[in-house]
Amino acid sequence: MITVYGADWCEDTRRSLRHLRRLAIAHLYVNVDEDAEALATAKALNGGARRTPTIDLGIGGSALVEPDNDTLSGALVELQMLTDEDVHERLGVQNVGDVERMMRVGAGAALMLAAGSTPRPLRWPLRIAGMVTALTGFAGWCPAYHVSGMSSLEGPGDRPEETTRDAWLVRRVLTPPRTGATEQMQ
């Protein structure tokens, strides 16, 4: 079992946990701020340093320390917990970031409510547009983004405090994880 030693306030911990969830990888999260034994274990894995997240892959070797998403994915592939195809497929399921999802749900609800006060010929088209917009928000997947290869993940439309770019949308290129990820383990 993969164990993530981290802290709720740590952006890298939150990012790594979200990445593991998006990949559908079972893991245990232990908050080192609330568990002294976990803090001691994490420090032991880091040569005495307190760094979060520290991810113990459960193989008895070195842990990943503050890994980026590609390094974490690469380690999972190298350990044969996933294949490259699994990574591509699972990351491709969601293409709408969390902030944008909330905005879509709100906009969809507003369209459905506004449809009641519009002329009769516009009511059903607005209701359908509102429903589709809200559903893409709930699902986190937009068919138009999928067809065009776009994504708002990891940008301002996902988690603004954890953004990796300024542009809201970017063409999503799912690159294979780097090989040799376990060589980067400390």
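**Notes on a predicted model**

Me: In what sense do β3 and β4 pair, and over how many bridges?
Reply: Strand β3 (residues 54-56) and β4 are antiparallel, with 2 bridges between them. Strands pair here if DSSP finds at least two bridges between them. Strands (E, at least two residues) and helices (H or I, at least four) are DSSP runs, numbered from the N terminus.

Me: What sort of model is this?
Reply: This is a predicted model, in which local features need pLDDT of at least 70 and side-chain atom pairs count only at pLDDT 80 or more, while totals for chains, interfaces and linings use all residues. Residues are numbered from 1 along each chain as its sequence is written, and side-chain values use heavy atoms, with hydrogens and water left out.

Me: What is the mean pLDDT of the chain?
Reply: The mean is 86, and 92% of the residues reach 70 or more. pLDDT is the predictor's confidence in each residue, from 0 to 100.

Me: Where does pLDDT stay under 50?
Reply: Over residues 175-186, for which the model has 32 contacts beyond four places in sequence. A contact means heavy atoms within 4.5 Å.

Me: Back to the sheet. What is the strand order?
Reply: The sheet is open, with 4 strands in the order β2-β1-β3-β4 and mixed pairing. β2 (27-31) and β4 (64-65) each have a single partner strand, so one side of each has no neighbour in the sheet.

Me: Which helix packs on the sheet, touching β1, β2 and β3?
Reply: Helix α1 (residues 11-22), whose direction makes about 165 degrees with that of β2. Helix α2 (residues 36-45) lies across β1, β2 and β3, at about 100 degrees to β1. Axes are lines fitted to C-alpha atoms, for helices over the stretch in contact, and angles run from 0 to 180 degrees between N-to-C directions.

Me: How many salt bridges does the structure hold?
Reply: The structure has 5 salt bridges, each a side-chain nitrogen of Lys or Arg within 4 Å of a carboxyl oxygen of Asp or Glu. One of them joins Asp158 and Arg22, with the closest N and O atoms 3.4 Å apart. Asp158 lies in the loop between β5 (150-151) and β6 (170-171) and Arg22 in helix α1, so the pair ties together parts 136 residues apart in sequence.

Me: Is the peptide bond from Thr52 to Pro53 cis or trans?
Reply: The bond is cis, with omega near -5 degrees. Pro53 is in the loop between α2 and β3.

Me: What is phi of Glu66?
Reply: Near 45 degrees, a positive value in a residue other than glycine. Glu66 sits in the loop between β4 and α3 (69-78).
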